[in-house]
Amino acid sequence: MYDTGSTAFMLVCTMLVLLMTPGLAFFYGGLSRRKNVINTMMMTFAAIGVVGITWVLAGWSFAYGGDGSLSWFGGFDQLGLNGLVSNMMTEATQVPEGTLYPTIIDVAFQMAFAMITAAIVTGSVAGRMRFGAVVAFLAVWALVVYAPLAHMVWGGDGSLIGDVIGALDFAGGDVVHISSGITGLILCLFLGHRKGFGLKNYRPHNVPFVALGAGLLWFGWFGFNGGSEFAADNVAALAILNTVVSSAAGLASWLVVERVATGKPSLVGACTGLVAGLVVVTPGAGFVEPWAALIMGLIVSPVCYFAISHLKARLGYDDALDAFGCHGVGGILGGLLTGLFCVPELSWTDKGGLLYTGDPSLLLSQVVGILVTLVIVVVLDLVIVAVVRAIFRGKLRVDDHDEALGLDVALHGESAYPAYTGLDS
């Protein structure tokens, strides 16, 4: 018989993670320009449709299918979720030893992870990428990049990053945040700057939307991190506590940095710091003590603030809504800090954090795991971009007229604010 507590817990966590993508739509929509808010939100909602289909057809199989013989790929044996219902019926009468809840819950839970990861990517390309190209890219990316990477990190015995390299990723530092942040950076480099980048001040058009989105993301993240323990137990409780602590510290730290840098703490800054604190603790949520989660949150905001306010301007890339600056940078930092602060008894391997053991083995594994993730994601992203560009005859970007008019009207025939008739700055 299944453990009813863990079954109920995982069902709730799945629904919480599913809520995160609409939450991200509000977060990104509020940060965008007035004339592009619908398009920005549409891209995140498109991830729900695209990934929902591709995950059922092949994503789950590529990530968690097969017999475990491949370190980098699942298999083709569960295409279309073949055998899922029959296995569910078998499990109902004869529960495998150590199984706390039905496997079918995992399919939905991991699908929600894939959805939010694909949606994060869209923040970097806001305001200038053709909607069809976004949909095509995400469809291929979910299968070619996300699913195999999930297998490499969370595929169990023999998995390249999680087992062979021995890197730890509790809830998605590599799989979710680094992969999406780096992908967003690659795409924005290919697309080029928005018109007026560096000359105009692109301010968030709806700060309450940003706060609403951040609140929904915060709420959903408890399922994201807590559910990654896959049981209603003490480690899940620790992951949830660490999620609260790190996000609170990230928010407070961002306000301090902003106050020093600009003289005025802002609500957008508070929301960004909250998200940065969530990102940085994700790789180590179930591995570190609360005091370490506090330090992680305090550290991440100055680092991400620097990446967003200085590094982007200095290097000249137009990461529109800072997917790379927050998720990519925060995910890398979180992975490294997990190598410092991981409690040995909580580690999935026989390695503990440098601070506890004096042994740099785990930290080195974290570095290698991050580097391997970066190489895989960059190489595959370049291939996918080349393919999608070919399909769209070299035009990933909207034309100048549509960009000036605004993508809401030009691409979707809708306006978020029908009474507004002018072009915003």
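Predicted model: local features only at pLDDT ≥ 70, side-chain atom pairs only at ≥ 80, totals over all residues.

Modeller: Residues are numbered from 1 along each chain as its sequence is written, and side-chain values use heavy atoms, with hydrogens and water left out.

Biologist: Which element gives the largest share of the lining of the largest pocket?

Modeller: On a 1 Å grid over the protein atoms alone, a pocket is an open set of points with protein on both sides within 12 Å along at least five of seven lines, a cavity is a set where a 1.4 Å probe fits but cannot get out, and lining residues have an atom within 4 Å of a point. The largest pocket holds about 1100 Å³, a volume being the space filled by probe spheres set on the points, which are joined across faces, edges and corners. Its 38 lining residues include Tyr202, Pro204, Ile308, Lys312 and Asp322, the closest to the centre. Helices are DSSP runs (H or I, at least four residues; strands are E, at least two) numbered from the N terminus, and the largest share, five residues, comes from H11.

Biologist: How many charged residues are in the lining of the second largest pocket?

Modeller: This pocket has about 710 Å³ of space. Asp, Glu, Lys and Arg count as charged, Ala, Val, Leu, Ile, Met, Phe, Trp, Tyr, Cys and Pro as nonpolar, and the others, Gly among them, as polar. By these classes the lining of the second largest pocket has 15 nonpolar and nine polar residues, and the charged ones number six.

Biologist: What is the volume of the largest cavity?

Modeller: The lining of the largest cavity has seven nonpolar, one polar and no charged residues. H5 supplies three of the lining residues, the largest share. The volume of the largest cavity is about 30 Å³.

Biologist: Is tryptophan 291 buried, partly exposed or exposed?

Modeller: Tryptophan 291 is found in helix H11. Buried means under 20% relative accessible area, exposed over 50%, and partly exposed in between (1.4 Å probe, protein chains only). Because its relative accessibility is 36%, tryptophan 291 counts as partly exposed.

Biologist: Which residue forms a salt bridge with aspartate 318?

Modeller: A salt bridge is a side-chain nitrogen of Lys or Arg within 4 Å of a carboxyl oxygen of Asp or Glu. In this pair the closest N and O atoms are 2.8 Å apart, and both residues are buried. The partner of aspartate 318 is arginine 194.

Biologist: How many residues apart in sequence are the parts tied together by aspartate 400 and lysine 195?

Modeller: Aspartate 400 forms a salt bridge with lysine 195, with the closest N and O atoms 3.4 Å apart. Aspartate 400 lies in helix H15 and lysine 195 in the loop between H7 and H8, so the parts tied together are apart in sequence by 205 residues.

Biologist: Is lysine 312 buried or exposed?

Modeller: Lysine 312 forms a salt bridge with aspartate 322, the closest N and O atoms being 2.8 Å apart. Aspartate 322 is in the loop between H11 and H12, and lysine 312 is in helix H11. Because its relative accessibility is 12%, lysine 312 counts as buried.
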